[in-house]
Amino acid sequence: MSLSPPDDQDLLLVGGSGNLARKKLLPALYNLAIDGLLPAHGNFIVFSQDDLDDASFRDLAVAAIKDYSRREFDQGTWESLARRFKFVNSKDGADAMREAAILPERTAYLAIPPTAFQSVTQQLQSASLVEGTKLVVEKPFGTDLETSRALDSQLQQVFDEENIFRIDHYLGKETVQNILAMRFGNSIFERIWNRDSVDHVQITIAEDIGVEERGPFYEEVGALRDIVQNHALQVISLLAMEPPISFAPERIRDERVKLLRAIAPLNPEEVVRGQYSAGEVNGETVAAYVDEPGVAADSKTDTFIAARFHVENWRWAGVPFYVR
């Protein structure tokens, strides 16, 4: 499938100097620039509470791109991208945000904790930037069903539902994107993709990075919320869902929802929670979780999780799904 650049628009990165932005979003923008898939016109507005200006943010951004981009650094590509960044300190509020926006259309990406969603959307409203804006929010989306529904209510007080996009960056991984093509583009697999031929399914989500500077964030979330109820369930739903009637996003979503509803509640006896101690990763010494900055010395937060899921439908009855 060929891709083309989106229409001219501004891009607003809220929390654009944080961990998610540095490791994922800024390298992604750089790679889109290489592929010619950024809008031809529009500012990239970085809204953050850090004490930076345009020049110091660009220094941060180029370092992030060199560290985390999947492609080699190209000075020409960087220079064409860098001149479009406009840094706005959050203490300057809605007026500064509005002044940095130059086009009637924009995408606002909230790379911030969910507790800050409401205040940011209200600032967008105060800046008269709701109309023409598509709002992107990423997990974690609350801490439980009640807080998730409260967040939905808060967002929908400002934005129409059709302009709110809830995403999981794991769905952008090439291996995950290939699941549907492998399943439904190869008839040999679909014929055996059921309990008659499959004994069990193992999903291993292994990373070689630690908590790093995200200690305060991880203390609130833990591996169960950070990995299992987001990334793991997304992968299970793609692996186990029924064939959609088309590859339209809504049809795929409908089948994934059906699959998630067929998953039995977790049995506590089939869940193992743990916490990493000090050790080595790829030959480098790593600290214990409780020794990370911002982590309580007596923390019981889980940084490792293993669980067994059961899908109660005709295709997967009796086939356990192991996640770790």
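Predicted model: local features only at pLDDT ≥ 70, side-chain atom pairs only at ≥ 80, totals over all residues.
1. A word on terms before we start: contact here means heavy atoms within 4.5 Å. From H9, the residues Leu-233, Gln-234, Ile-236, Ser-237, Leu-238 and Ala-240 take part, and they meet Arg-256, Leu-259 and Leu-260 of H10. Sorted by class, this contact holds six nonpolar residues, two polar ones and one charged one.

2. Now for the geometry of that pair. Helix H9 covers residues 215–240 and helix H10 covers residues 249–261; their axes come within 9 Å and cross at roughly 105°. Since angles of 65 to 115 degrees count as roughly perpendicular, H9 is therefore roughly perpendicular to H10.

3. Next, please turn to helix H2 (residues 54–68) and helix H3 (residues 75–82). These two pack at an angle of about 140°, and their axes lie 12 Å apart. That angle makes H2 oblique to H3. As for handedness, the crossing of H2 past H3 is right-handed.

4. Which residues make the contact between H2 and H3? On the H2 side they are Arg-58, Ala-61, Val-62 and Ile-65, and on the H3 side Trp-78, Leu-81 and Ala-82. The class count for H2 with H3 is six nonpolar, no polar and one charged.

5. H4 brings Gly-93, Ala-94, Met-97 and Arg-98 to the contact, while H5 brings Gln-123, Leu-124 and Ser-126. By class, the contact of H4 with H5 comes to three nonpolar, three polar and one charged residues.

6. How many cavities of 30 Å³ or more does the count give? It comes to one, and the largest cavity has a volume of about 30 Å³. Its lining consists of Asp-10, Leu-12, Ile-45, Met-97, Ala-101, Arg-106 and Leu-129. Five of these lining residues are nonpolar, none is polar and two are charged.

7. One link between the last two points may interest you: Met-97 of H4 is among the residues that meet H5, and Met-97 also lines the largest cavity. If you have the model open, that residue is a handy place to look at both features.

Definitions and conventions. Residues numbered from 1 in each chain as written. Heavy atoms only, no water. Helix = DSSP H or I, 4+ residues; strand = E, 2+ residues; numbered from the N terminus. Nonpolar A, V, L, I, M, F, W, Y, C, P; charged D, E, K, R; others polar. 1 Å grid on protein atoms, 1.4 Å probe; cavity = no way out; pocket = protein on both sides within 12 Å on 5 of 7 lines; lining within 4 Å. Points joined across faces, edges and corners; volume = space filled by probe spheres on them. Axes fitted to C-alpha atoms, helices over the stretch in contact; angles between N-to-C directions. Parallel < 35°, antiparallel > 145°, perpendicular 65-115°, else oblique. Left-handed = near helix turned anticlockwise from the far one by under 90°.
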